[in-house]
Amino acid sequence: MGDVISTHLDENRRHFISESTGKILDEFFQFYEEQYPLALFNKIRYEVEENGGPQPQLLQRKAPLKDKIIFSGNLYQYMEVNRKWKNRHFVVHDNYNVEFYDGKAAFDRGSSPKGVINCAGYKVLKSMDQYLDLVNSSLPGIKGKASSSPFLKWPTEYRTILRHPYGRHYYFCVVSEKEQQKWHAVFQDCVRHLNNGLPEDCKVETPAFTDAVRLYRQSKDQYGTWDMLCGNQAQIISNLVLEELLPELATVIQPKLKGKFHDRQRAWILITEAVHNMVLGQTKARYEAVLQKCEDARPGLESRIRPDMDQIISSKEHVGNKIRVFVMPKAEACVRNQIQPYISSILDALMGPTSRGFLEVRDLFFKEIVEMNKNVLNEGGQHKLGEYMEKLNLLPYHPVKMQSCYEQLEQLQPQLEGLQQRFDLSSPAVFVQRGQILMRELLDNAVYTFEQLLHQNLGNSTEREQMCKTIQRIQERVLKKYDYDSSTVRKKFFREALLQITIPYMLKNLSSSVNTALPKFQEFIFEDFTKFILVDNIFEEVVLQSVSKDIMLAVKEAAVQRKHNLFRDSIVMSGSDPNLLLLGEDQPINWNNEFGNQESSGSETAVEKRKRMKQVVSMIQDDGISRPEVVDVMRNLSVVPEGEQVGNGDSSEPSSPVESPKSPDSVKEIRDLLTIAKIETNAPADSSLSNGAVCKDEKVPERDPSEEIERRVLQEQHQGSVQSSNDCGVRSSTEKAHDGISSTISSPVMALHEENDESYQEKVTLCEQEDSSDKETGEEVASKVIEVAEGSPETHKQVEGTES
């Protein structure tokens, strides 16, 4: 399709695109250069007058995903160049960029990736019909039937599509629904993270940039939330340019496209991608130049702000009072008649799904701790603690386990769709993604606080039951802190969402009657302070003040009434747990080093260490047993099972990298292989342990002699005992319970929780009644309750004597 791009994007049209982009950038950067000194002034003023707010009760982790891999595995990717499907290895790094390689061997060797996907601004789709609807909506000038044969033929029904309104589209497929669900969750997590806005620690660049984007769009009569405010600065500006430039190009190019309807669809997608790349390159260079210019002027601006801080503040208040007298009556009338009647209903729409999502996060944390508690007790204490704490640390960033929490918040979108016409709300998805990020951050804080407290309280105690009580006590303490922080975070989220919904609506209604009169207030500002006092920004502050009181009151009333477990800020005193804050200043805890079994030698090479670290930090993997039949078939398909991406350090692997078989190119070849797979695959029953551990074939531990004697006694006395499975040579804690060795700990957590309140017992009971298999990850819930075989009371006494 290169000829299509060269035909419709010839030299003259490229010059037109570059010139139009330059004009838009000139206009935008004028706003940016005006907002930069104001943002610098606000930063310095905040440092001087900082009052703070409610102190969070949970600790905050600084670098939760440093040097970790989120996900890795194989996908079929559609290649636009030759219109064929190619099997490739994909790796999602801690920065949420997706790299792809020709194979896993190339990744292990440290080869450069074939490409990198930045998911900012993308939509993740599984339905081809939904994708074609979005594509057709961007082709108003092309006539044709939407039901025409698509330009893409899929080898399997398990597809995933990454669609960007301006950038390149990506097409993937896998061979099972389970893999499709995992990759869908992973890609959604990448989009969610990269759409989360600019870093808040940049106290000058970020507010200056976001204010410039908002004011520029308002100058084009575009108010409200914008769903393309995602990615880095260059990506956001490119979206801003293409939002204005692309419709103009479409009116010229689309009528000239030739061929069938789906061919014209493909052609326009490729043209849009080419234009996006041109604009992005020009935007990036221009932004870096303007930013450097502002940074060079920063020392001079600071030297003017700090000595004259009081005079600048006084001058701003003087001008603000005059603008307030002019604007406030109109703003209050707008609030009273068009905003206030709807605040409570908007708040109710926000509170329901958001609170359910945060409650789901709380329940997930509770279940994982209970699960860990049972597994640690059943498997021998501290030597297993490191393994489970490493898994717990990655829980907030596990896309599949978090999916049920995220789905609760996705109900916000239909709840807020009714506001789109009333308040010109362009995209409710902005609030959904922001709420999901807050849920993940809060869960990470809870996990980190639990980790620090547990490490502090373990000491040298090795008794299992005492450790179990310690874990339970810390869990209850962390949950109380979670409840308070959850209330604080949700209240802040509700206030910000209400302001983002109502303020643009008010600005749009008031701008026609106010904008013509605002310039006259400029004469009240001293010439030396004009860089730090802007009339348009003061006008927005006045509008914000007019509606903030009603919003704060509505949220406060909800907290007083304890709606959805919202608390008043005064319930927990500031600094109520000062000793806890000292824990967060320590170095990160390495649980494997302190409590795990160290099998790696100190003489391992750098390459071996790198590979081992990559294996350790992989977050998502099949915890089930390796199935040779399935693996062979999958290798014929050139798709490496997800479980193969992370091997065991003691597993026997060939010293030289094995080149993966060449992937089939045509759809027919892939479908033929899939048919063979369905015929030849005869997977054995899942023999993974009930506590979630994986059976290994390498070693068969010797059985303790006393344990063997006890087992034989019970076999003679209990004819109905369950035969233990020794296929993998490893006996789980549940098998020991079947043998009668430790029936007293078949349900350890229930025994420990009897002294607690009824609500806690109910939660534990619910956890133990859950389905034993995790359909999302293949992991099994540990330590099922084992019933001792039926027998006479005398027999049970003999069993108890044997156990003692």
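1. Throughout this note, a residue is called buried when its relative accessible area is under 20%, exposed when it is over 50%, and partly exposed in between, with a 1.4 Å probe and protein chains only. The model is a predicted one, in which local features need pLDDT of at least 70 and side-chain atom pairs count only at pLDDT 80 or more, while totals for chains, interfaces and linings use all residues. Residues are numbered from 1 along each chain as its sequence is written, and side-chain values use heavy atoms, with hydrogens and water left out.

2. Helices (H or I, at least four residues) and strands (E, at least two) are DSSP runs numbered from the N terminus. In helix α4, which spans residues 128–137, the buried residues are Met 128, Tyr 131, Leu 132, Val 135 and Asn 136. Seen down the axis of α4, these fall within an arc of 130 degrees, so they line one face of the helix; the arc is taken from the directions that lead from the helix axis to the C-beta atoms. The face turned away from that buried side carries Asp 129 and Ser 137, both exposed.

3. The cover over the buried residues of α4 includes β5 (123–125), β6 (158–163), β7 (170–174) and α8 (261–305), where contact means heavy atoms within 4.5 Å. At the start of α4, a side-chain oxygen of Ser 127 comes to within 3.3 Å of the backbone nitrogen of Asp 129.

4. Seven strands make up an open sheet with antiparallel pairing, in the order β4-β3-β2-β1-β7-β6-β5, two strands being paired if DSSP finds at least two bridges between them. Its edge strands, β4 (115–117) and β5, each pair on one side only. Neighbouring strands are turned by 35 degrees against each other on average, direction ignored.

5. Strands β1 (residues 69–79) and β2 (residues 84–93) run antiparallel and are joined by ten bridges; Met 79 has Lys 84 as its bridge partner, and Tyr 78 stands opposite Trp 85. The two strands form a hairpin with four residues between them, and Arg 83 in the turn has a positive phi of about 55 degrees.

6. On the other pairing of β2, four bridges join this strand to β3 in antiparallel fashion, and His 89 has Tyr 101 in β3 as its bridge partner. In this hairpin, also with four residues between the strands, Tyr 96 takes a positive phi near 70 degrees. Eight of the ten residues of β2 are buried, so the strand is largely enclosed by the rest of the structure.

Technical notes: Polar contact = N/O pair within 3.5 Å; in protein donor to acceptor, adjacent residues only side chain to side chain. Axes fitted to C-alpha atoms, helices over the stretch in contact; angles between N-to-C directions.
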